[in-house]
Amino acid sequence: MACAPLLLENFIYRKRNFVYSFVRHRLFVLCKQSLIRVQSAEGIKRIEISPKSNLKQLYDIVQNSLKVDGFGLFLERNFATELHASGSKLVGTSLKHGDMVYLKQIAGTSSRRASTTAMENIAFNSATIQSSDKMSNTRPSNNIIEDEVDQLLFKSDGTIKRERDSKLCHHNANGRCVHCSPLEPYDESYLKEHNIKHLSFHSYIRKQTSGMDHGKYFVFDDINCRIKPGCREHPPWPKGICSKCQPSAITLNRQTYRHVDNVMFENTKIVERFLNYWRTTGHQRMGYLYGTYEQHADVPLGIRAKVAAIYEPPQESSRDSINICPDEGADDVDAVANALGLKKIGWIFTDLITKDASAGTVKQIRGIETHFLTAQECITAGELQNRHPNPCKYATNGNFGSKFVTICVTGDQTKQVHMEGYAVSAQCMALVRDNCLIPTKDAPELGYVRESTDKQYVPDVFYKEKDQYGNEVQRLARPLPVEYLLVDVPASTPLQPQYTFTEYDKRQAFPIENRYIDGHLQDFNALSNYLAAWAEEEFLEAISDFHLLIYLYKMDMLPLRQHMGPLLEAVRSKNPNKAADFKSEEVWKLLESLFQASSTGSGGTTSYPGGAAASAGNAGPDAMDLDANTWTCNHCTFINRGELNSCEICSLPR
């Protein structure tokens, strides 16, 4: 009898035994635990959870047990009914002991899927999900703050209105037929008729979300060219790799859409001031475009980048090259631009070589027979676009593509100076971000995809072209024609010029920053001479210069940045009363006194409006002797001893 309990225990807990299954089931019921089976692509996994736990905790347990992310749990095998990760709904209300749920891998943002940090902040309203609004079924992420123009286009109808055709329409004025009903913004016949080469970005989204399911699971997946970190099934690269962590091969396709459909410079003087450096020195020049994004009426759901100013960063240039130097004042420039309602929207560079100076013609360097952009320029554009991503609700990581544009000023077929606009594709941005694309040495129109090394794995990149027999063949991107990476963006100026800043007619404009040539230097003397050319009542017009505002904001001699908020607001709103209020403040009065002291102490004839220009004529013999033995610094107006060759305060040369 002593061995009876032992025999009974072996009989009950023997594996694959009916009694064992029954006893285990009763134990789970007594312990108030439920056994939930989770079926995935890896097989079936059993999860133990209390019926009083919520569905959010169920998602946590499944994520920790199966080591997955970006998934959903469904009640049916056909993934019809989804169990949302709610913190208020209990497991016992939806599942009972022994039920099976089906796991489906879904590419989505962490706020919408298995990352449970922000799950409690999302309310799954069934009435909203069942709404008849077609855009609500796309389930975009609500945590992404898109640009203002994207929000406006998302809410707009977007359809192309058509008038009633007198020949084909046989209904009354209030009726509609196939000949006059509105067209979708992605209608191919309309785009071809109006010579629109690319879809706008929002038209592309409307096209992808126009099916029967209204794009319920449509997302922009991030293109990955790197090995997925954290794989535990093998040693790290180069000692091991598997299909789970290995990036997929990439086949380059010409992008059918573009984020910006047109680049418009407010007036021609913006570009003319930029080109003055090349006209003076013969060296190439580069600058950043500052402006705004707005709706473009000529393209359905289109976006236009409107350029208001060009900022030129520190650079070293020659006839054939441009080397961009580190810019310590970049944050200050962005701060001034943000206060004025502007943002960095692109970059511009020149590629001009004079052919006949007397006729004003230049050589045609770029074209269909040579190249549009070099591989190095494409890589630079990709790097800049990665720094300025486009917030998008439909992206897996919250950003997709970029509205940052590239403008090249070069010669056309008529030997005249003209502008060409481009942007690189999302595939090019991924290749540049993951350091997979490099330029070639002797062919500017060709790029080259790196080969894998023991330090970096590079996936295979292919592109398709037609061979000599007209057949479409696949080529390895070593080398790679950069045309597969480019998207055309038209650049133009309006018929009626627009002016966010001062319109210079006869007056000399304030010098542009970082131009270290005679007549183009930004210094205190240039500031005094510039403001002296304007009358008192023209203060707002005089101060409304982007380069002047940046110089005042960065000025070290008299710190103005903490006082410039009202001035920038006055320039932004074009309010002369606010500008006059700022002019009457003590900090500006101090700057005016420095102007007067500078013009008097240096023996010059420049007089600032409202100052005493004749004070130098009343000086006595002692003052004349002082002027003979001293000199005034042109940069900070400090009076130095005559034997010094550099200023004691700012250390700049005499």
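Predicted model: local features only at pLDDT ≥ 70, side-chain atom pairs only at ≥ 80, totals over all residues.
Of the 654 residues in the chain, 43% are buried. The fold is built from 19 helices and 27 strands. As for how the chain meets itself, take the contacts between residues at least 6 apart in sequence: 65% of them join residues at least 24 apart.

The structure holds 23 aromatic pairs. Tyr59 belongs to helix α3 (residues 55–66) and Phe71 to strand β3 (residues 71–74), so the pair links parts of the chain that are 12 residues apart. Both partners are tucked away from the surface: Tyr59 counts as buried because its relative accessibility is 2%, and Phe71 is buried too, with a relative accessible area of 0%. Another pair, Phe582 with Trp588, has its ring centres 5.8 Å apart; the planes meet at 55°, so this pair is tilted. Phe582 and Trp588 are both buried as well.

Phe201, Tyr204, Phe218, Phe220, Tyr257, Tyr394 and Phe400 make up one aromatic cluster. Elsewhere, lysines sit over ring faces. Lys344 lies over the face of Tyr288, 4.3 Å from the ring centre, while Lys393 does the like with Phe154, at 4.8 Å from the centre of that ring.

Strands of a sheet pair through backbone hydrogen bonds, in either a parallel or an antiparallel way. Here, an open sheet of 3 strands runs in the order β19-β20-β23, and its pairing is antiparallel. The edges are taken by β19 and β23, each of which has a single partner strand, so one side of each lacks a neighbour in the sheet.

Strand β19 (residues 437–439) is joined to β20 by 3 bridges, with the two strands running antiparallel. A hairpin of 6 residues leads from β19 to β20. Within this pairing, Ile438 has Tyr448 of β20 as its bridge partner, and Pro439 stands opposite Gly447 in β20. On the other flank, β20 pairs with strand β23 (residues 480–481) over 2 bridges, again in the antiparallel sense. There, Gly447 has Leu480 of β23 as its bridge partner.

What about the two faces of β20? In a regular strand, side chains alternate between the two faces of the sheet. Strand β20 (residues 446–449) has Gly447 and Val449 on its covered face, and Leu446 and Tyr448 on the uncovered one.

Finally, the cysteines. A disulfide is a covalent bond between the sulfur atoms of two cysteines. Searching the whole structure turns up 0 disulfides. Take Cys242: the closest cysteine sulfur to its own is that of Cys231, and because the distance is 3.5 Å, the two are too far apart for a bond. The cut-off for a disulfide is a pair of sulfur atoms within 2.5 Å. Cys242 itself is buried, with a relative accessible area of 15%.

Note on methods:
Residues numbered from 1 in each chain as written. Heavy atoms only, no water. Phe/Tyr/Trp six-rings, centres within 6.5 Å; stacked < 30°, edge-to-face > 60°. Helix = DSSP H or I, 4+ residues; strand = E, 2+ residues; numbered from the N terminus. Buried < 20%, exposed > 50% of the residue type's maximum accessible area, 1.4 Å probe, protein only. Lys NZ or Arg CZ within 6 Å of the ring centre and 35° of its normal. Contact = heavy atoms within 4.5 Å. Pairing = 2+ DSSP bridges.
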